[in-house]
Amino acid sequence: MDASALAKAYLDEDGTQSMRGVLAAQRQVLFISDFVVLEVCTTIRNRLRTAEKRTFTAALEGFQADRARLNLVDVSPAVRSEAMLMTTTHRSARARSMDVLHVATALQLRRDAARLGMEVTIVTSDRNLADLARDCGLRTFDPSREPLAVLPRAPR
C-alpha cells in the first residue's frame with residue numbers, strides 16, 4: 001500500500017470506507033515500505049492542518065494502532081538499484097521517485113510471494129504510480145475508484 005491509499009483510512013474522503021474495509025477484513029497480508037510511515041503521517045498532517053487537534057490526534061493514533069498489523073518492508077539496496085533502472089526502462093512514465101520505489105518494492109515482494117503461491121496487488125490512489133505498476137505487470141487496486149469486492153482475496 002502506498003500513502004495515497006493508506007492515509008484514506010484515517011481521513012474523510014473518497015475511498016475512506018474501502019481502505020477501512022481493506023484494513024478490517026484481514027483477508028490479505030498487508031505490506032508497506034518503511035518510508036510509507038512518514039508519508040502517511042505527513043499526509044494526515046497536511047490534510048488535517050486546520051482541523052481540531054483531537055481530530056488530528058485521533059487520525060495519527062488510528063494509524064499508529066493499525067501500523068502494528070502491517071508488515072514493514074525495508075527498501076534494500078537491490079530495490080533501490082531496480083528503481084534506478086526503472087527510470088531508464090520506463091522513460092515515458094509520469095511516476096515520481098517515491099512511486100518508482102513503491103513499484104520496485106512491490107516487484108521484490110512479488111518475487112518473494114510467488115515462492116509461497118501468493119500474488120501482489122498495489123493499493124494506491126495515485127494514477128501515475130498505478131500506471132507504472134501495471135506497465136511492470138502488477139495488479140492495482142484504487143480504493144477511491146473501485147469497490148472493495150474487486151480486491152483479490154488472499155489464498156487460505
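This is a predicted model: local features need pLDDT of at least 70, side-chain atom pairs count only at pLDDT 80 or more; totals for chains, interfaces and linings use all residues.
View 1. Welcome to the largest nonpolar core, a set of 47 residues in which Met1, Leu6 and Val103 touch the most other members. Two or more residues each come from helix 1 (3-6), helix 2 (16-25), helix 3 (36-47), helix 4 (53-67), helix 5 (77-89), helix 6 (97-114), strand 3 (121-123) and helix 7 (127-135). Helix 6 supplies the largest share of this core, with 8 residues.

**View 2. The surroundings of Val103.** Leaving aside residues up to four places away in sequence, Val103 touches Met86, Ile122, Leu129, Leu132, Ala133, Cys136 and Leu138.

**View 3. Helix 3 against helix 4.** How do the axes of helix 3 and helix 4 cross, and at roughly what angle? The two axes come within 10 Å and cross at roughly 160 degrees. Because this angle is over 145 degrees, helix 3 is roughly antiparallel to helix 4. On the helix 3 side, the contact is made by Val37, Val40, Cys41, Ile44 and Arg45. Helix 4 contributes Phe56, Ala59, Leu60, Phe63, Gln64 and Arg67 to the contact. In an α-helix, residues three or four places apart point the same way, because there are 3.6 residues a turn. The crossing of helix 3 past helix 4 is right-handed.

View 4. Which residues of helix 2 are buried? They are Thr16, Ser18, Met19, Gly21, Val22 and Leu23. The buried residues of helix 2 pack against helix 1, helix 4, strand 3 and strand 4. Asp66, in helix 4, touches Leu23 as well as Tyr10, with residues up to four places away in sequence not counted. Asp66 has a relative accessible area of 17%; the cut-off for buried is under 20%, so Asp66 counts as buried.

View 5. Our last stop is Asp142, in the segment after strand 4 (139-141). Is Asp142 buried or exposed? Its relative accessibility is 10%, so Asp142 counts as buried. The side chain of Asp142 reaches the backbone nitrogen of Ser144 at 2.8 Å. Beyond residues up to four places away in sequence, Asp142 touches Thr124 and Ser125.

How values were computed: Residues are numbered from 1 along each chain as its sequence is written. Side-chain values use heavy atoms; hydrogens and water are left out. A nonpolar core is a set of buried Ala, Val, Leu, Ile, Met, Phe, Trp, Tyr and Cys residues joined through side-chain atoms within 4.5 Å. Buried means under 20% relative accessible area, exposed over 50%, partly exposed in between (1.4 Å probe, protein chains only). Helices (H or I, at least four residues) and strands (E, at least two) are DSSP runs, numbered from the N terminus. Contact means heavy atoms within 4.5 Å. A polar contact is a pair of N or O atoms within 3.5 Å; within protein, one must be able to donate a hydrogen and the other to accept it, and residues adjacent in sequence count only if both atoms are side-chain atoms. Axes are lines fitted to C-alpha atoms, for helices over the stretch in contact, and angles run from 0 to 180 degrees between N-to-C directions. Angles under 35 degrees count as roughly parallel, over 145 as roughly antiparallel, 65 to 115 as roughly perpendicular and the rest as oblique. A crossing is left-handed if the near helix is turned anticlockwise from the far one by less than a right angle, and right-handed if clockwise.
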